[in-house]
Amino acid sequence: MKTATVSVLKNELDTATHEELIVLCVRLAKFKKENKELLTYLLYHTTNEDGYIAEVQQEIKNAFAAMNTTSVYYIKKSTRKILRDTKKYIRYSGKKETEVALLLYFCKELKEIHPSVLQNRTLQNLFQRQLAMIQKAMSTLHEDLQYDYQQLLDALY
């Protein structure tokens, strides 16, 4: 089966009734957890982005607190999982301000891990890549926000 393009799907959804759209959305949400998460974001969190950021930050904090730090292997594995989840939440929002706030928080939590992540080359490179991504995302924001986030970024160095 060949997958339809987004524009073809959009045209088809334009012709659907309200009830048909509800049925399609519910059916889509049944298949993947990510679809449910995206639908939850779109329905409940788009109007309160600050609350969404705080909720995701709490989830990041809990994941770092539950991390097994007995071995560098477990630290790397857990860190990659937390980063993957963080990027997923950033993708749901699609806003650069949310991206900067969540990546800054991720880097802050990563830096506070004991033993230090800066002693491991792989984790150090991961940390540096995230700082570069923060810089890139910050360059698209308003100057006042750039200044505020730059101060938080400077505290990470």
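**Figure 1. The second largest pocket of the predicted model.** This pocket has a volume of about 180 Å³. Its lining consists of Q57, A101, L104, Y105, K108, Y149, L152, A155 and L156. Helix 6 (96-111) and helix 8 (143-156) are the elements that give two or more residues to this lining. By class, the lining holds 7 nonpolar, 1 polar and 1 charged residues. A pocket is an open set of points on a 1 Å grid over the protein atoms alone, where a 1.4 Å probe fits, with protein on both sides within 12 Å along at least five of seven lines; lining residues have an atom within 4 Å of a point. Volume is the space filled by probe spheres set on the points, which are joined across faces, edges and corners. Helices are DSSP runs (H or I, at least four residues) numbered from the N terminus. Ala, Val, Leu, Ile, Met, Phe, Trp, Tyr, Cys and Pro count as nonpolar, Asp, Glu, Lys and Arg as charged, and the others, Gly among them, as polar. The model is predicted: local features need pLDDT of at least 70 and side-chain atom pairs pLDDT 80 or more, while totals for chains, interfaces and linings use all residues. Residues are numbered from 1 along each chain as its sequence is written, and side-chain values use heavy atoms, with hydrogens and water left out.

**Figure 2. The largest pocket.** About 310 Å³ of space lies here. L9, E12, L13, L21, L24, C25, R27, L28 and F31 form the lining. Helix 2 supplies the largest share, 6 residues. The lining has 7 nonpolar, no polar and 2 charged residues. L24 belongs to helix 2 (residues 18-31).

**Figure 3. Salt bridges of E37.** E37 pairs with K33, with the closest N and O atoms 3.8 Å apart, and with K88 at 3.1 Å, N to O. A salt bridge is a side-chain nitrogen of Lys or Arg within 4 Å of a carboxyl oxygen of Asp or Glu. K33 and E37 both lie in helix 3 (residues 33-45), 4 residues apart. K33, E37, K81, D85 and K88 are linked in a network of salt bridges. E37 is buried at 16% relative accessibility and K88 at 11%, whereas K33 is exposed at 60%. Buried means under 20% relative accessible area, exposed over 50%, partly exposed in between (1.4 Å probe, protein chains only).

**Figure 4. The cis peptide bond at P115.** The bond from H114 to P115 is cis, with omega near 5°. P115 sits in the loop between helix 6 and helix 7 (121-138).
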